Amino acid sequence: MNNRRFARTAGWLVLLCVVAAGLLAWYVTRQPASPFEQQQATSFEPALVSRGEYVARVSDCVACHSLTGKQPFAGGLEMATPLGAIHATNITPDREHGIGAYSLADFDRAVRHGVAPGGRRLYPAMPYPSYVKLNDDDVKALYAFFMQGVQPANQANIPSDIPWPLNMRWPIALWNGVFAPTATYAANPGQDALWNRGAYIVQGPGHCGSCHTPRGLAFNEKALDESGAPFLAGALLDGWYAPSLRQDHNTGLGRWSEAQIVQFLKTGRNAHAVVYGSMTEAFNNSTQFMQDEDLAAIARYLKSLPGDPQRDGSPWQYQAVAITPAQNLGAHTYATRCASCHGLDGKGQPEWMPPLAGATSALAKEDASAINITLNGSQRVVTAGLPDAYRMPAFREQLSDEEIAQVLTYVRSTWGNQGGTVDTKAVGKLRGHTDPASSSPIILHMR
Amino acid sequence: MELRINQKAYQVDAEADTPLLWVIRDNLGLTGTKYGCGLAQCGACSVLVDGNVVRSCVTPVAGVVGREITTIEAIEEDEVGKRVVATWVERQVAQCGYCQSGQVMAATALLKHTPAPTAEQINAAMINLCRCGTYNAIQSAMQDLAKQESV
Ligand code: FES
Ligand code: FES
């Protein structure tokens, strides 16, 4: 009797497991729906192709899917994750290695939902949780551009070196279920067209949050639109601190006018700052190509995101200091190494060499950006094909960890700056992680 | 734009962000000011702007319009500059000479603000690089100059 009951219970359990496993298998290989299911487009109007090229610019596809000096969109950028390296793929219309065999619906599923043909899940290094906001017209234009405006490259993809079983892709479907939204951008009727256009670009194609929104334990962005306070509130990533894009007075855009935001995205510089770190690539490849109306829309939207005085600290105000270069190692190093460009008064030479007085990197608690740029310098800012005349040199070989820590401590506690002290060990650590020959490179290169 | 260099007015046609060094050397042919690194690291390009030493390779030309620029070509017209050059000759400071225009500028700027600098002040101000290693000769010359004034 007991045995029979046991057998029956066990039977039910097995059945339940089978059903659950079946459901799971279905769920994790499921092809999300696409509005383009039955459409097969093979040739496109030139206007649509060039519209798609613009969408690709705004989405900055090239940042990951191209290597400098190599054929555009042929893939190859290595991204180090905690589990191993993955490589951006070939997205040229090559039929063998690229996406030449993708239908419009396949393309849509990859871009907006992170699902490749056959149900294979993409790693969320591809910012599909943002691209899902793209509207149908832009997806179609993007497809037209990649099919007809890009040269096919017969270049094989590099397999990831993440070991089995960690390289199984199906768990990503579960991650998506929890963290990746499924809806395209829906206009907010309470706001005007400019604001909505800005929201669309920032949340969707621009995927600003990929760098500027803090991530949770599962590497998920903590918010994907203005309904969440962490949205664009600043985040540490790749050894840089991507500052807040909200109205934070110190660490955000509180002191920037809409015109200054436009100027920054269009020319790479304004009276407050010059692009550096990962933003240089975003500028070189993407924001400078945006149309003026789109930049204005971005500025309008960003100016609508409130700051958080509690997180941001008391509002920065310039404080003059007497110049006594010999007072300590930090001040001395500043006077000899930094002041020629940034000024003994810390005010820089706007808009060419940025002020350090009131700079985000000198006000934020996170000191990664200050350390990183001092160690490694800045990359060329290239506007309309012309490199700019000034760049931050790398001091990696010239200054010791202690000298860098001291000079940054000086910068971050002078002229009203309140970022505070920089630890010598923190400099040493970042020096190791950003050494080109490092065996412990910066974790998760996500853009 | 109009620049005032060595008491003369020059009409210059250049982009606002052009480094002053290029305007001085290429547009105006005043080649006494040297290009070393272009990154504010060596000081070879030092000139005076309103009596302060600046590194012209990192000085956007738009920022010095309306200000008084002095280059090595006219340094001996300046009272202090003249003494610096004389002492430089006396101490035979120069080797190849490439960095020396910048060194003289740095020395002149220091002595204009601080006629009798201490050893510490000299060290803090004379930070230009010299690949010939004339640092000791520069030190001696600076000590002479500091003494001249304190006597
Ligand atoms: S050339 Fe200007 S400091 Fe070296
Ligand atoms: S004398 Fe030759 S570089 Fe200084």
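How many residues apart in helix α4 of chain A are A:Asp106 and A:Arg109, and about how much of a helical turn separates them? The views below begin with that pair and come from a predicted model.

**View 1. A salt bridge joins A:Asp106 to A:Arg109.** In this pair the closest N and O atoms are 3.4 Å apart, which lies inside the limit of 4 Å used for a salt bridge. A:Asp106 and A:Arg109 both belong to helix α4 (residues 104–113) of chain A, and because they are three residues apart there, about one helical turn separates them. Over all chains, the count by this rule comes to 18 salt bridges.

**View 2. Helix α2 packs against helix α6 in chain A.** On the side of α2(A) the contact is formed by A:Leu48, A:Val49, A:Arg51, A:Gly52, A:Glu53, A:Val55 and A:Ala56, while α6(A) contributes residues including A:Asp138, A:Lys140, A:Leu142, A:Phe145 and A:Phe146. Sorted by class, the residues of this contact of α2(A) with α6(A) are nine nonpolar, two polar and four charged.

**View 3. Helix α1 and helix α7 of chain A cross.** The axes of helix α1 (residues 2–29) and helix α7 (residues 171–179) come within 8 Å of one another and cross at roughly 75 degrees, so that α1(A) is roughly perpendicular to α7(A). From α1(A) the contact draws on A:Leu24, A:Tyr27 and A:Val28, which meet A:Ala173, A:Leu174 and A:Gly177 of α7(A). The contact of α1(A) with α7(A) has five nonpolar residues and one polar residue, with no charged residues.

**View 4. Chain B meets chain A at an interface.** This contact takes 15 residues from chain B and 14 residues from chain A. The area buried between the two chains is about 1200 Å², and carbon and sulfur atoms give 63% of that area. Of the area that chain B buries against chain A, 37% is supplied by B:Asp17, B:Gln41 and B:Val58, more than by any other three residues. The side of chain B that touches chain A consists of nine nonpolar, three polar and three charged residues. Across this interface of chain B and chain A the rule finds zero salt bridges, whereas three residue pairs are found in polar contact, with both residues at pLDDT 80 or more.

Key: Residues are numbered from 1 along each chain as its sequence is written. Chains are lettered from A and ligands numbered from 1 in the order in which they are written. This is a predicted model: local features need pLDDT of at least 70, side-chain atom pairs count only at pLDDT 80 or more; totals for chains, interfaces and linings use all residues. Side-chain values use heavy atoms; hydrogens and water are left out. Axes are lines fitted to C-alpha atoms, for helices over the stretch in contact, and angles run from 0 to 180 degrees between N-to-C directions. Helices (H or I, at least four residues) and strands (E, at least two) are DSSP runs, numbered from the N terminus. Contact means heavy atoms within 4.5 Å. Ala, Val, Leu, Ile, Met, Phe, Trp, Tyr, Cys and Pro count as nonpolar, Asp, Glu, Lys and Arg as charged, and the others, Gly among them, as polar. Buried area is the accessible area (1.4 Å probe) that two parts lose on being put together, summed over both. A salt bridge is a side-chain nitrogen of Lys or Arg within 4 Å of a carboxyl oxygen of Asp or Glu. A polar contact is a pair of N or O atoms within 3.5 Å; within protein, one must be able to donate a hydrogen and the other to accept it, and residues adjacent in sequence count only if both atoms are side-chain atoms. Angles under 35 degrees count as roughly parallel, over 145 as roughly antiparallel, 65 to 115 as roughly perpendicular and the rest as oblique.
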